[in-house]
Amino acid sequence: MCGIVGGVAERSITNILIEGLKRLEYRGYDSAGLALVDHGQILRERRVGKVANLEQAVNESAIIGSIGIAHTRWATHGKPTENNAHPHISGRVAVVHNGIIENYQELKDDLEALGYNFTSQTDTEVVAHLVHEALKSTPDLLKAVEQVVPQLKGAYALGIIDTNHPDELIAVREGSPLVIGVGIGENFISSDQLALLPVTNRFIYLEEGDIARLTRETIDVYVNGQKVARPVKELDATISNATKGEFKHYMLKEIYEQPEAIQQTISQALNGNALRPDFLKDAEIDFSNIKQVQIIACGTSYHAGMIGKYWFEQLADLPCHVEIASEYRYRSPVIVGDTLYVCISQSGETADTLAALRDTKKRAAAKNLNITTMTICNVATSSMVRETDYHLLTLAGPEIGVASTKAFTTQLAALMLLILKIGQIKQNIDENQIAEITADMWHTPKVILDTLQNDTEILRLSELFVEKQHCLFLGRGTEFPIALEGALKLKEISYIHAEGYAAGELKHGPLALVDNDMPVVILAPNDEMLDKLKSNMEEVQARGGELFVFADEDSGIKNKDRQHVVHVPNVSSWLAPIVYSVPVQLLSYHVAVLRGTDVDQPRNLAKSVTVE
Ligand code: AGP
């Protein structure tokens, strides 16, 4: 997804902008650019491809400036070309933009009628021309931007500079994340605070509808022309710990960070083998009133939600529905009072999940329905955390690899904590069972460490996937969502077509795909579904399919011709989905590395999907 960095300082900020863009590379992009104001002129460089290409161009042209904006673009309107890369310029004005201007075509028609020439196919260029046009009727850059914003439809964030205001940077947040980095005698903007960590750890989180004017010494935020106060927050230093270290890829590092990430996540809620009395204390009254749960999420977070459904119903005796946010938000679902709406999101900024949340709140308010909203999220400062009644943080630390790994397993840990809490409040789960499950949860980091010992064996098996075109993942119960997640992991980073199925569905269609060339990954913990799963394995083998089985040591499943078994430590069935996630992550990772793909930034994908 696109990224914005900008700043106004006394020193030249060229290197700060380039470093900021590099820190946003994980989000996925296809071109990059920057613009600086120097001696009344806009100096701009743009390049297709990696930020390194832009850096080389900037070094060659040796452009410097103490105010500027920079951008990584992920193409939405128009191909990834140099002309379409940001910043876009209209005379004295330069603009970078994240998000989408939905009504850009009609604005473009009007601007062309006024004589403006367009040099790109982007929606962004209209903003540059509109600000340029508005500056004909006011000398004030902020006022010009305030005139333009009401004309724009869509969700977006903007950074704007003007050669006639060489000490002013304007920032707009309207549906797309934007933070201000507060420095000493210098100030910055970015779509992700991670980009600004080398220059500050103090941030102002803009709210929807905010327009900010930054100079070296001042930051003023306005809503509808009125100045508003926004707090400056200091960020925990540990978040800056986002380097690959000894690992070849962020994804591998993040897979190996799971024991610690889970430990962190559960530590906030557990005291010995009991829930801490203060854990989600504020929510107790609301939780005691809820009659059902609706989970809304996308992608991997949706898979976590699917497991939450099994757990909510089995453990807390609460009906639970789970739905993909992009469907939920558009199908006018019935909003039911006394429902707990849970958004699950690594980033807390995913456009569909956020829109579903906002729409649900609006419709509940219109009908005067009492609902409770909650986010399970990895980013404490995200929009979702700010816009829900309660939140439970996954303390996984920054996840940089596009493929979600530690965010997923910590989401599962957080869901379990939430379910235990709600089950306890509603007295649907007794203290003994809580003690049993929490004891298992404390044990999970160690079990994951043991599971990681299989890495070399999984690497060896991954060689058998390199030439394959297709792959099936099968599981039952809570391993069904892990099958879906395994297939998502494999397809997104290795580009092998993979599908996950509930093993019981095999005979209803996918069995037709099985032949000698079809690897089938089986998730086989030693639970009450194991015998049924073994029958499914027979069905696959009878059709020539090659089995790759992740199985409990006690499952009795052994290596044989065209059946490869990797033993996963014994684990309680509640925690099996967390533990079985690890071998499928490792498998996908190794297959992708062997196929030579860009593991951390797979093609066409972005880390945080902040546009539809
Ligand atoms: C999977 O590996 C992806 N990163 C993707 O499916 C992701 O889970 C989805 O885009 C939702 O993101 P979120 O958790 O930040 O809301």
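User: How far apart do the C-alpha centres of domain 1 and domain 2 lie?

Analyst: In this predicted model, the C-alpha centres of domain 1 and domain 2 lie 34 Å apart. The contact, meaning heavy atoms within 4.5 Å, takes 10 residues from domain 1 and 10 residues from domain 2. Local features need pLDDT of at least 70, side-chain atom pairs count only at pLDDT 80 or more, and totals for chains, interfaces and linings use all residues. Residues are numbered from 1 along each chain as its sequence is written, and side-chain values use heavy atoms, with hydrogens and water left out.

User: Where do the bounds of the domains come from?

Analyst: They come from an automatic or database domain assignment, which gives domain 1 as 3–240, domain 2 as 249–447 and domain 3 as 453–601.

User: Why is the pair Arg173 and Glu349 called a salt bridge?

Analyst: The term requires a side-chain nitrogen of Lys or Arg within 4 Å of a carboxyl oxygen of Asp or Glu. The closest N and O atoms of Arg173 and Glu349 are 3.9 Å apart, so the pair meets that rule. Between domain 1 and domain 2 the count is 2 salt bridges.

User: What makes Glu349 buried rather than exposed?

Analyst: Buried means under 20% relative accessible area, exposed over 50%, and partly exposed in between, using a 1.4 Å probe and protein chains only. Glu349 has a relative accessible area of 12%, and therefore counts as buried. Leaving aside neighbours within four places in sequence, the residues in contact with Glu349 include Arg173, Pro177 and Ser382.
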